Amino acid sequence: MADIPNNAPESCPGTESASAGKTTACQGCPNQSICSSGQTKLPDPGIQEVRWRLASVKHIIVVLSGKGGVGKSTFTSTFARGLALDEKKQVAVLDVDICGPSIPGIFGVQDEQVHQSGSGWSPVFVEDNLSVMSIGFLLQSVDEAVIWRGPRKNGIIKQFLKDVDWGDIDYLIIDTPPGTSDEHLSLVQYLSQANIDGAVIITTPQEVSILDVRKEINFCSKVKLPILGVVENMSGFVCPKCQTESQIFPPTTGGGEALANELGLQFLGRLPLDPRIGQCCDEGKSFLNQYPESPAAQAYHQVIKKVIDQCDKS
C-alpha cells in the first residue's frame with residue numbers, strides 16, 4: 001500500500017506510486033518536491049526497530065472506531081483486565097490517543113511516572129501481569145492540553161513502539177482515537193512488519209455510529225489491516241437492581257450484527273450499558289472483578305473468548 005503523507009489531498013497517489021509528486025492532485029501540496037524526488041520511497045528504519053522491539057509480543061490487537069464516544073477506551077481497559085484474569089498471561093495496553101489520553105485514569109495509575117533504563121522506557125504496572133503506556137504519564141498535569149501537529153504525533157507513536165521495554169507479552173492492546181488520520185496511519189506503518197493480529201471494531205447500535213464505523217472498516221481494507229470482528233457496545237441498558245433491559249440506542253438498521261453480516265465480518269457480541277462500568281472506570285477499578293456476575297461482565301467474557309479464538313486462528 002502506498003503511504004499517504006501528512007497534509008496530502010484526498011486524491012493523493014501515495015508516496016510509492018510512480019506518479020508521486022507529478023499529478024495534478026500534487027499541485028500545491030507541501031510534500032510535492034519530496035515525493036517527486038523519490039526520497040520518500042526509502043524504507044523508514046523505524047519499522048525494523050519496531051519489529052525487533054515487538055518480537056517478544058505474541059499478539060497485537062488494535063481497538064478502532066470511526067466514531068468518538070462509543071467506548072473504545074472503556075472496552076480496551078475492560079478487555080485487557082479480562083485477559084489479565086489469567087495470571088499466566090502477560091497483558092499490556094498502549095494508549096495512542098495523543099490528545100485525549102484517558103487510559104491512565106481508567107486504570108487508576110494517572111499519578112505514576114514512566115522510568116527509563118538502559119533497555120528503554122518501562123511501562124507502568126497496574127497488576128503483576130498488566131502494564132500500561134500512555135502520553136498521559138509524560139504530561140505535567142491531567143489538565144495539560146497536547147497541541148501537536150501530525151509529525152510530532154507520529155514521532156511519539158514511533159517512540160512508544162520502539163522504545164518501550166514491554167518484555168515477553170502475550171497480548172498488546174492498542175487504544176486509538178476516533179477517525180482515520182495521523183495516529184492510525186503512523187500505527188499501521190510502524191506495525192507493518194510486526195506480528196499484528198488485527199483490529200477490533202467498536203460501534204454503538206444507532207445509525208450515526210454505524211456510518212462512521214463503515215469508514216473505519218474501509219480504512220482497514222485500504223491499509224490491509226485484518227479485522228478480528230465487530231463489537232456492539234452500549235447495546236441496551238440492564239438495570240443493576242431488577243436486571244430489566246431497555247433499549248437506549250435502538251438499532252434502526254440492525255446495529256453492529258447487521259453491519260458485520262453485510263460485510264462478511266465476525267460479530268463478536270453485544271455489550272450492555274451498566275452504570276457501574278463508568279463508576280469503575282472513574283475509580284480506576286476492574287468492573288469484571290467488582291461485578292463478576294453481572295450481565296455486562298458475562299458479555300465481556302464471551303467477547304474476550306471470541307477474540308482469543310480469532311487470534312489463535314490468525
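Modeller: Happy to, and let me start with Gly71, which is buried because its relative accessible area is 15%, under the 20% cut-off for that class. Please keep in mind that the model is predicted. Gly71 sits in the loop that joins strand E1 (57-64) to helix H3 (72-84). Looking past its neighbours within four places in sequence, you will find Gly71 in contact with Asn233 and Met234. Those two partners fall in the range of strand E9 (227-238).

Gly68 belongs to the loop between E1 and H3 as well. With 33% relative accessibility, Gly68 counts as partly exposed, so it falls between the 20% and 50% limits. The UniProt record, an unreviewed entry, places a "binding site" feature at Gly66, Lys67, Gly68, Gly69, Val70, Gly71, Lys72 and Ser73. That annotation therefore takes in a buried glycine, Gly71, and a partly exposed one, Gly68.

The unreviewed UniProt entry also puts the feature "binding site" at Cys239 and Cys242. Cys239 is found in the loop between strand E9 (227-238) and strand E10 (245-246), and Cys242 is in the loop between E9 and E10 too. Cys242 has 48% relative accessibility and so counts as partly exposed, since exposed would need a value over 50%.

Note on methods:
Residues are numbered from 1 along each chain as its sequence is written. This is a predicted model: local features need pLDDT of at least 70, side-chain atom pairs count only at pLDDT 80 or more; totals for chains, interfaces and linings use all residues. Side-chain values use heavy atoms; hydrogens and water are left out. UniProt positions are given in the numbering used here, feature names are shortened, and annotations may be inferred rather than shown by experiment. Helices (H or I, at least four residues) and strands (E, at least two) are DSSP runs, numbered from the N terminus. Buried means under 20% relative accessible area, exposed over 50%, partly exposed in between (1.4 Å probe, protein chains only). Contact means heavy atoms within 4.5 Å.
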